[in-house]
Amino acid sequence: ETKRGIGCCGWILVTLSAFFTILFFPITIFIGIKIVKEYERAVIFRLGRITAKRAKGPGIFFIIPCTDSFIKVDMRTVSFDIPPQEILTKDSVTVSVDGVVYFRVSDPIASVANVSSADYSTRLLAQTTLRNVLGTKNLSEVLSDREGISHSMQMTLDEATDAWGIKVERVEIKDVKLPHQLQRAMAAEAEAAREARAKVIAAEGEMNASRALKEASIVIAESPSALQLRYLQTLNSIAAEKNSTIIFPLPLDVLGHFMK
């Protein structure tokens, strides 16, 4: 199909070019032999048409001078930063978000024939996709669900760039910058929430302590000698501090117990 596509005039030109290539073989061999590196592929055009369904390389390949030309395509993974984008979230909060995208060329022929600049087009599409995806999220989702947002962006970009021969491997959200007023408001809210939790915990501790004291008082009331032992333990604790003077209150019910 490719051979019929160049037409009769094209075949005449190719035949003449091949004839002169063979005629001036010692000279044309240096012009016709090309080399591409391991991470590169060559898309060959013959009279403006792509000659094969697969790109050439890596290694050595031969082109016919005058009628053939080729374009090198880098197959390595490329990374680029998405510039900070001012985005209005679903709950009407303006945030500045930036990210990084990793992609590579999966089909060299499609990346050359279907789009004028696959690299530049992917960069522009990544900025637009970031705006579109984050515009459907609340602020809490943007801050907490970065992995889900990155995966959604990767799927959207990969589907859109498939016709360009581009494979989007990974998308990451780098930073989310909030307005200073919103940061102060969120900090005040978090501080108030911490204080509320601290008060609740302190109240629960007081309640548990009062219950324990109530149970202890019931036990001591059932056994009067237990109160005397408790006083002796308290005296022992005070004496351990090496104080010169010890003031120890002695209740009357204890004295009454000794008088009996």
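Predicted model: local features only at pLDDT ≥ 70, side-chain atom pairs only at ≥ 80, totals over all residues.

Residues are numbered from 1 along each chain as its sequence is written, and side-chain values use heavy atoms, with hydrogens and water left out.

Start with the sheet ordered β6-β7-β8. It is open, has 3 strands and pairs them in the antiparallel sense. Strands and helices here are DSSP runs, numbered from the N terminus: E over at least two residues for strands, H or I over at least four for helices. Two strands pair if DSSP finds at least two bridges between them. β6 (78–88) and β8 (166–177) are the edge strands, each with a single partner, so one side of each has no neighbour in the sheet. On average, neighbouring strands of this sheet are turned by 25° against each other, direction ignored. Between β6 and β7 (residues 94–105) there are 9 bridges. Within that sheet, Ile82 stands opposite Gly99 in β7.

Which helix packs on the sheet at about 35° to β6? Helix α5 (residues 118–134) does, and it touches β6, β7 and β8. Contact means heavy atoms within 4.5 Å. Angles run from 0 to 180 degrees between N-to-C directions, with axes fitted to C-alpha atoms, for helices over the stretch in contact. Helix α7 (residues 146–160) also lies across β6, β7 and β8, and runs at about 145° to β8.

Now move to the other sheet. Its 3 strands follow the order β3-β2-β5, open and antiparallel. β3 and β5 form the edges with a single partner strand each, so one side of each is left without a neighbour in the sheet. β2 and β5 share 7 bridges, and Ile44 stands opposite Phe70 in β5.

The side chains of Arg46 and Asp68 meet at 2.9 Å, N to O. Arg46 is in β2 and Asp68 in β5, 22 residues apart, so to speak distant parts of the chain that the pair links. The structure holds 7 salt bridges (a side-chain nitrogen of Lys or Arg within 4 Å of a carboxyl oxygen of Asp or Glu).

The search uses a 1 Å grid over the protein atoms alone: a cavity is a set of points where a 1.4 Å probe fits but cannot get out, and a pocket is an open set with protein on both sides within 12 Å along at least five of seven lines. Lining residues have an atom within 4 Å of a point. Grid points are joined across faces, edges and corners, and a volume is the space filled by probe spheres set on the points.

The largest pocket has a volume of about 200 Å³. Of its 15 lining residues, Val73, Asp74, Val105, Ala118 and Asp119 lie nearest its centre. β5 (68–74), β7, α4 (108–113) and α5 each supply at least two residues of that lining. The lining divides into 8 nonpolar, 2 polar and 5 charged residues. Ala, Val, Leu, Ile, Met, Phe, Trp, Tyr, Cys and Pro count as nonpolar, Asp, Glu, Lys and Arg as charged, and the others, Gly among them, as polar.

The whole structure has 1 cavity of 30 Å³ or more. The largest cavity has a volume of about 50 Å³. Strand β2 (residues 40–46) gives the most to its lining, with 3 residues.

Finally, the backbone. The peptide bond from Gly57 to Pro58 is cis, with omega near 0°. Pro58 sits in the loop between β3 (49–50) and β4 (59–62). Cys66, in the loop between β4 and β5, has a positive phi near 75°.
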